[in-house]
Amino acid sequence: MDGVIYHGNRLLPGVREFVDWLQREKKDFLFLTNNSGKTQRELQAKLSRMGLDIDEKHFYTSALATAQFIATQMPGARAFVIGEPGLLNALYEQGITFDDVSPDYVIVGESSSYTYDNICRAVRCVQKGARLIGTNSDLTGPTEQGIVPACRALVAPIELATGKEAYYIGKPNPLMMRTGINLLGGHSQDTVIIGDRMDTDIVAGIECGLDTVLVLSGVTDRSMITTSPIAPGWSCRGWGTSRTRRRRGSCIWSPQWAKGLPAPGRSIPGGRKQKTLKPLGFRVFLVDDTGLEPVTSRTSSGCSYQLS
């Protein structure tokens, strides 16, 4: 979530108003994060300190997805784990036993205690036959101090030393996405995913049939869109901006729309043409690494005023 709702301990401008809108309009939404370090309760407490009152049920992490995957594949499995409390707690709750001698799995997530000794122990376990799992495939992540190595960068030395490729659970793996959609009680055609990473968030949305919104206040800039083989449905600069860009053309939105949406059928400026607003009850994924204010989702018959 770091970058979607906050950077470090700083709430992004416009986030409070956006979350208030989601709750006031009773929209189904889920904070879907690849970061495996924190538990749902810790994420809830952090947002509470920033002034956001959000229930634990609105958080789903790659740690929870990883634990559920392992428990389904091998109930009662043993694992050597490199990670933070969020990952350790999720695995414990699923009945996974911690074992650094003869584990069934080596599981790696974000870790502030990542050491050469841990790498060596993980390599030995994999060489003995343990399956290598990464909680997510992010190479880097944003912090208040700048970009830092993320999960895949920590898994890479183990892959290189053993010649074994890890299986990554988090976005863009459909396993995590489908669970998220089920938690929302929705369907892919009724769900929008918002994120700042082309390689995880937007790929995940496209491959799972969701509409996609790319925000540019994280690790992706406008030049990356033009060189990417995929394109987001929409893009915008961040929470405090009032313009979103579609694949072709643009649509202008005012922050005031979050306070009073127009009646169905009313027209607004949309690029070179007038777009007709139609109500649509989208579910909402808020995903890693930056945020934005209300934007539209594309529909076959025009623009919906549903937030993403």
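**Helix packing and a buried serine**

In this predicted model, helix H5 (residues 116-127) packs against helix H6 (residues 151-162) at an angle of about 45 degrees, with the two axes 9 Å apart. H5 and H6 are therefore oblique to each other, a term for angles that are not under 35 degrees (roughly parallel), over 145 (roughly antiparallel) or 65 to 115 (roughly perpendicular). In the contact, defined by heavy atoms within 4.5 Å, Ile119, Ala122, Val123, Val126 and Gln127 of H5 meet Pro157, Ile158, Ala161 and Thr162 of H6. These residues comprise seven nonpolar, two polar and no charged.

Residues are numbered from 1 along each chain as its sequence is written. Because the model is predicted, local features need pLDDT of at least 70 and side-chain atom pairs count only at pLDDT 80 or more, whereas totals for chains, interfaces and linings use all residues, and side-chain values use heavy atoms, with hydrogens and water left out.

For helix H3 (residues 62-73) and helix H4 (residues 85-93), the axes come within 8 Å and cross at roughly 30 degrees, which makes H3 roughly parallel to H4. Ala63, Leu64 and Ala67 of H3 meet Gly86, Leu87, Ala90 and Leu91 of H4, and by class this contact has six nonpolar, one polar and no charged residues.

Serine 62, which is found in H3, counts as buried at 0% relative accessibility, where buried means under 20% relative accessible area with a 1.4 Å probe and protein chains only. A polar atom of the serine 62 side chain lies 2.5 Å from the backbone oxygen of asparagine 34. Beyond residues up to four places away in sequence, serine 62 touches Thr33, Asn34, Asn35, Ser36, Thr135, Asn136, Gly170 and Met176.

Key. Axes fitted to C-alpha atoms, helices over the stretch in contact; angles between N-to-C directions. Helix = DSSP H or I, 4+ residues; strand = E, 2+ residues; numbered from the N terminus. Nonpolar A, V, L, I, M, F, W, Y, C, P; charged D, E, K, R; others polar. Buried < 20%, exposed > 50% of the residue type's maximum accessible area, 1.4 Å probe, protein only. Polar contact = N/O pair within 3.5 Å; in protein donor to acceptor, adjacent residues only side chain to side chain.
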